[in-house]
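Dear colleague,

I am passing on the structure we spoke about, followed by some notes on what turned up in it. Please read them with the structure open beside you.

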Amino acid sequence: MGYKNIRVEKRGKVGLVTLDRPKALNALNSELIAELGTALDSFDEDERIGCVVITGSEKAFAAGADIKEMHPHDFSSAYQTDLITPFDRVSRNRKPIIAAVAGYALGGGCELAMLCDFIIAADTAKFGQPEITLGVIPGAGGTQRLTRFVGKSKAMEMVLTGRMMDAEEAERSGLVSRIVPADDLLEETLKAAEKIAEFSLPVVMMAKESVDRAYETTLSEGVRFERRVFQAMFALEDQKEGMTAFSEKRTPQFRNK
């Protein structure tokens, strides 16, 4: 299909989505989010794709949700249209999603990055939840995910003051996995995605599901879940191939079975 607010590409086994509303610093309006959901659905259904990257521009990953679009809502329309809930589509993707963030990732942009499985940040990246300055609070998981990433004290400060953190602070705080030079951001992120996409797809999906479970249950239940998934993998052809290849000192040829 044709997209108006994003660019969609396939780079081998990697799906690449580039947010593309440059005049609005990639502000996330409902049309963009709907297009993003459609693109993610297509990548989820494509057996050739093993990992997805979402990125923006050098200046902004996404500077926030589209305030001009949200402003006219009252409570009734916000509730009945389930305002901002479509953001959650990103978290339902079964294949790994990496956010490649340069420039501003604020408000909904920060929330979109946190919905991805991990974040690789350019040294120019800035993260924040400035909704308090608009008379609202984060609505796409910002108060919840940011707290899980960086802890209560720092999340509380950022949500209550609207302060931004730079890439170095974000890495120290656990929000991003690593920082790379801005000029190398997409190349380095695609390298990580390509590496993931070379592994067994069912195993990668189970690994993602297991790590996510750590945030949603107790340690004992999480370990029990992990163990059952681990044991189930011994029914996979890829498990046999992976361990055989290790014994034979060769590169495994995974078939996603």
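To begin with the charged side chains, Lys-154, Glu-157, Arg-163 and Glu-169 are joined in a network of salt bridges. Please keep in mind that this is a predicted model, and that the search of the whole structure finds 19 salt bridges, of which I describe a few here.

The side chains of Asp-41 and Arg-89 meet in a salt bridge with an N to O distance of 2.4 Å, and this pair links distant parts of the chain, since Asp-41 sits in helix 1 and Arg-89 in the loop between helix 3 (75-80) and strand 5 (97-101), 48 residues apart. Asp-41 is partly exposed, with a relative accessible area of 33%, whereas Arg-89, at 12%, counts as buried because the limit for that class is under 20%.

A salt bridge also joins Glu-188 to Arg-178, with 3.8 Å between the closest N and O atoms; Glu-188 belongs to helix 8 (residues 185-198) and Arg-178 to strand 10 (residues 178-180), ten residues apart. Arg-255 and Glu-237 form another such pair, at 3.5 Å from N to O, and because Arg-255 lies in the segment after helix 11 (237-247) while Glu-237 lies in helix 11, the pair ties together parts that are 18 residues apart in sequence. Arg-255 is exposed, at 54% relative accessible area, and Glu-237 is partly exposed, at 44%.

Leaving aside residues up to four places away in sequence, Leu-175 touches, among others, Met-114, Ile-119, Phe-127 and Phe-149.

As for the strands, four of them form an open sheet in the order 4-6-8-9, with mixed pairing, and its edge strands are strand 4 (60-62) and strand 9 (165-166), each of which pairs on one side only. Strand 4 pairs with strand 6 (residues 104-106) in the parallel sense over two bridges, and Ala-60 has Tyr-104 in strand 6 as its bridge partner.

Leu-134 is placed in the loop between strand 8 (126-128) and helix 5 (142-150), and it counts as exposed because its relative accessibility is 53%.

How values were computed
Residues numbered from 1 in each chain as written. Predicted model: local features only at pLDDT ≥ 70, side-chain atom pairs only at ≥ 80, totals over all residues. Heavy atoms only, no water. Contact = heavy atoms within 4.5 Å. Helix = DSSP H or I, 4+ residues; strand = E, 2+ residues; numbered from the N terminus. Buried < 20%, exposed > 50% of the residue type's maximum accessible area, 1.4 Å probe, protein only. Pairing = 2+ DSSP bridges. Salt bridge = Lys/Arg side-chain N within 4 Å of Asp/Glu carboxyl O.
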